[in-house]
Amino acid sequence: MKPWAKRRMEEERYTQHDMERGRLLFAGRVDFIMGAVSLGTLPGADRPEVAFAGRSNVGKSSLVNALTGRKTLARTSNTPGRTQELNYFEMGAEMNTPAYLVDLPGYGYAKIERKKVNAWTRLVKDYLRGRPNLRRVMLLIDSRHGLKENDREIMHMLDEAAVNYQIVLTKLDKLKVADRDKILKKTQEDAKKFIACHPIIMATSSEKGWGLEDLRAEIGQLTAF
Ligand SMILES: Nc1nc2c(ncn2[C@@H]2O[C@H](COP(=O)(O)OP(=O)(O)OP(=O)(O)O)[C@@H](O)[C@H]2O)c(=O)[nH]1
Ligand SMILES: [Mg+2]
């Protein structure tokens, strides 16, 4: 068993109920409901939501797809900066306690002009500060690169806004086995310096399906009423 998977299980972080809820949320209907370009057009804040944030190309849309087991729900691309809207997905529409998953536009893509970067910052900052039903931001970090300067900026912004967030390492399959634990430990150390950052780092590969069960359970737990 992968060392990080073993550690996860030993922690027994999730109840049967969390795992079941997580599974059901993603196994049932997950519908794309809208791409919001301004806060005025967001759906009502009538249910809990979890947002995926991260640099362009880190694998946000791929993770949404992997969690749902569908290839084309969220648009993925080799061209960074593709997702420019707050993409809303409704999970568990057939359940009593549905939730939203939000795929945020990626940040830090160098080729996008300054004007767009400012627009991104404004939209996302306003969203993060002002969304009452936002339970947690999953901050995706490419495991090959670790925390970059713009990730740290976002983390400081989240700390200041007192938004609860948690790091999710992506693309673990691209690392050599020996490097996986190294990056996990390094990221854990880095995370300690940020007040609102959850101390547990999640590790995933959308390609291989690693860490998805845990992430579903985490989201199940977070979005329970
Ligand atoms: N090997 C591997 N490649 C991945 C994984 N996840 C995503 N990718 C690849 O990384 C690229 C970017 O993935 P996206 O999911 O579009 O990234 P994104 O964060 O949504 O990007 P933006 O919408 O531009 O911010 C694609 O070519 C994916 O196939 C993974 O777990 N393993
Ligand atoms: Mg995307």
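In what sense do S1 and S3 pair, and over how many bridges? S1 and S3 pair in the antiparallel sense, over six bridges. Two strands count as paired if DSSP finds at least two bridges between them. Within this pair, Gly35 stands opposite Asn87 in S3.

The model is predicted: local features need pLDDT of at least 70, side-chain atom pairs count only at pLDDT 80 or more, and totals for chains, interfaces and linings use all residues. Residues are numbered from 1 along each chain as its sequence is written, while chains are lettered from A and ligands numbered from 1 in the order in which they are written. The pLDDT is the predictor's confidence in each residue, from 0 to 100. The protein chain averages 88, and 89% of the residues score at least 70. Among its elements, helix H1 (residues 3-11) has the lowest mean pLDDT, 54. Strand S6 (residues 165-170) has the highest, 98. The complex receives an ipTM of 0.99 and a pTM of 0.91 from the predictor.

The protein chain has seven helices and seven strands. Helices (H or I, at least four residues) and strands (E, at least two) are DSSP runs, numbered from the N terminus. Along the sequence they follow the pattern α-α-β-β-α-β-β-α-β-α-β-α-β-α. The seven strands form an open sheet with mixed pairing, in the order S1-S3-S4-S2-S5-S6-S7. Strand S1 (30-36) and strand S7 (202-203) stand at the edges, each with a single partner strand, so one side of each is left without a neighbour in the sheet.

Strand S4 (residues 99-103) pairs with both S2 and S3. Strand S2 (residues 49-54) runs parallel to S4, joined by four bridges. Here Val50 has Leu101 as its bridge partner. Strand S3 (residues 86-91) runs antiparallel to S4, joined by five bridges. Phe89 stands opposite Leu101 on this side. A residue is buried if 20 or more other C-beta atoms lie within 10 Å of its own, exposed if 12 or fewer, and partly exposed in between, with C-beta atoms placed from the backbone. Five of the five residues of S4 are buried, so the strand is largely enclosed by the rest of the structure. In a regular strand the side chains alternate between the two faces of the sheet. In S4, Ala99, Leu101 and Asp103 point one way, and Tyr100 and Val102 the other way.

Buried residues make up 40% of the 225 residues in the protein chain. A nonpolar core is a set of buried Ala, Val, Leu, Ile, Met, Phe, Trp, Tyr and Cys residues joined through C-beta atoms within 7 Å. The largest such core has 50 residues, and Ala51, Phe52, Leu139, Leu140 and Leu169 have the most contacts inside it. Its largest share, six residues, comes from strand S5 (residues 134-142). Two residues are in contact if their C-beta atoms, placed from the backbone, lie within 7 Å. Beyond its neighbours within four places in sequence, Phe52 has contacts that include Lys60, Val102 and Leu140.

Leu39 lies in the loop between S1 and S2. With 13 C-beta neighbours inside 10 Å, Leu39 counts as partly exposed. Leu39 and Arg131 are 92 residues apart in sequence but 9.3 Å apart in space, C-alpha to C-alpha.
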